[in-house]
Amino acid sequence: MNLKELRLYHFKNHSNITLQFADKVNAIIGNNGVGKTNILDAVYYLANTKSYFNHLDNQLIQFGETECSIMGIYSDENQNTDIQIAFGENRKKTVKKNQKAFPRLLDYIGQVSAVFITPYDISLVFEGSEERRRFIDYTISQLDKTYLNQLIEYRKVIEQRNSFLKSLDGKDADPILMESFSFKLIPLSNSIFQKRTEFIEKFNPYFNESYRKLCGDLNQEILKIEYVSPLNSDSIEKILLNNHKIDCISGRTNNGIHKDDLNIEINGLPLKKFGSQGQIKSSVIALKLAQYQYLNQLSGKKPWLLLDDIFEKIDETRSQQLMKMVCGDEFGQIFVSDTHAQRVKDHFDSQGVEVNYYILE
Ligand SMILES: Nc1ncnc2c1ncn2[C@@H]1O[C@H](COP(=O)(O)OP(=O)(O)O)[C@@H](O)[C@H]1O
Ligand SMILES: [Mg+2]
């Protein structure tokens, strides 16, 4: 499914812009601050009904305006589909496909995926566990709606449980009341845990293969993601029971799958501590390329690949390897941003691939 056209209205710094895209490579060129990343984020938004960077939609509305819309036309086997997403300060988000609204946003998710490679991805290694959970949750959800529903349900129950615990003001909770939360949390936790476990197991070979392709076949480094969860060692029933007192005192749910994390290892050692800068950068890109391959293989659909400022950040050898990969048939439509058109041209010329340019001023 290719994006033919993108129209933005009051989206961040773009008050009104229409871009037409080619089926393979599209380059958004311009100086810093002109809104290149914002365009890539709008493409991501079109696929996911949310921004990659801002969790609050209101921050996406152009300063001084009250409404915003993102529209796209995609083509699939010569059939055009029109998608319109609109929201405002005082207006709920709506998603329309060929002018017909989706009753629930969830029904739209998974039609098309987007894989975003940005300099901020380094936060996957250095920031807290939330970033890493977001990565696995996004990947699994693209292929499994039940998982997405379970996650939403889990968050809701945790929120309710936490506000109940807070209302206790440190007093001990009635075990019967607590049971009603556990009754919902136990099956949800078990299912999410199982799906995350299975995902990591299947994902690791993709991760290694992408790393090897990016860094060259002679590379002997072994990359591994280890899934860290309290459920690895204890049942959720036991976790809830063991934490009952501390949960009541602190007014929140202290342990569970909402604390899950990933350890990224290189040759058996934590990447964060023992990886060189080059290894860390390559690992993060490999992680995203693996996400691409994984989604492509399991859904049979090629995600949109968004490459933000990538040539500025990686060395020549790696960018050549990356070009070899993404210009091949396994990859579909690509959107790159860069400050220099010539740099983009040189990279894609070497693979004999034509680029469609957009110069922002
Ligand atoms: N809600 C908003 N309304 C208007 N402008 C915004 C909004 N959010 C961000 N911007 C502007 O977008 C610009 C940055 O765009 P960005 O896409 O990151 O630029 P680039 O990637 O080309 O360097 C900044 O000038 C910033 O002020
Ligand atoms: Mg940028």
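Here are some notes on this predicted model, point by point.

1. First, some housekeeping. Residues are numbered from 1 along each chain as its sequence is written, while chains are lettered from A and ligands numbered from 1 in the order in which they are written. As this is a predicted model, local features need pLDDT of at least 70 and side-chain atom pairs count only at pLDDT 80 or more, whereas totals for chains, interfaces and linings use all residues.

2. Let's start with the open sheet. Its six strands come in the order S2-S1-S4-S5-S6-S7, with antiparallel pairing (strands are DSSP runs of E with at least two residues, helices are runs of H or I with at least four, and both are numbered from the N terminus; two strands pair if DSSP finds at least two bridges between them). Strand S2 (14-20) and strand S7 (100-101) are the edges, each pairing on one side only. Inside the sheet, S4 (residues 67-76) and S5 (residues 79-88) run antiparallel and are joined by ten bridges, with Asp-76 opposite Gln-79 in S5.

3. Gln-99 deserves a look. It sits in the loop between strand S6 (91-97) and S7, and its phi is positive, near 70°, although the residue is not glycine. Gln-99 is exposed because 7 other C-beta atoms lie within 10 Å (12 or fewer means exposed, 20 or more means buried, and partly exposed is in between, with C-beta atoms placed from the backbone).

4. Asp-309 is another non-glycine residue with positive phi, near 55°. You'll find Asp-309 in the loop between S12 and H10. It has 18 C-beta neighbours inside 10 Å, so it counts as partly exposed.

5. Next, strand S10 (residues 261-266). Leu-262, Ile-264 and Ile-266 make up its covered face, and Asp-261, Asn-263 and Glu-265 its uncovered one. S10 pairs with S9 (residues 223-228) in the antiparallel sense over six bridges, and Leu-223 stands opposite Ile-266.

6. S10 also runs antiparallel to S11 (residues 269-270), joined by two bridges, with Glu-265 opposite Pro-270. These two strands form a hairpin with two residues between them, and Asn-267 in the turn has a positive phi of about 50°.

7. Which residues of helix H11 (residues 316-326) are buried? They are Ser-319, Leu-322 and Val-326. Seen down the helix axis, the buried residues fall within an arc of 60°, so they line one face of H11 (the arc is that of the directions from the axis to the C-beta atoms). Glu-316 and Thr-317, on the other side, are exposed. The cover over the buried residues includes helix H5 (175-215), strand S12 (304-308) and helix H12 (341-349) (contact here means C-beta atoms, placed from the backbone, within 7 Å).

8. Finally, ligand 1. It is surrounded by 16 residues, the closest being Lys-12, Asn-13, Lys-36, Thr-37 and Asn-38 (a residue is near if its C-beta atom, placed from the backbone, lies within 6 Å). Helix H1 (residues 36-48) gives the most to this shell, with three residues. By class, the shell has four nonpolar, ten polar and two charged residues (Ala, Val, Leu, Ile, Met, Phe, Trp, Tyr, Cys and Pro count as nonpolar, Asp, Glu, Lys and Arg as charged, and the others, Gly among them, as polar).

Notes. Contact = placed C-beta atoms within 7 Å.
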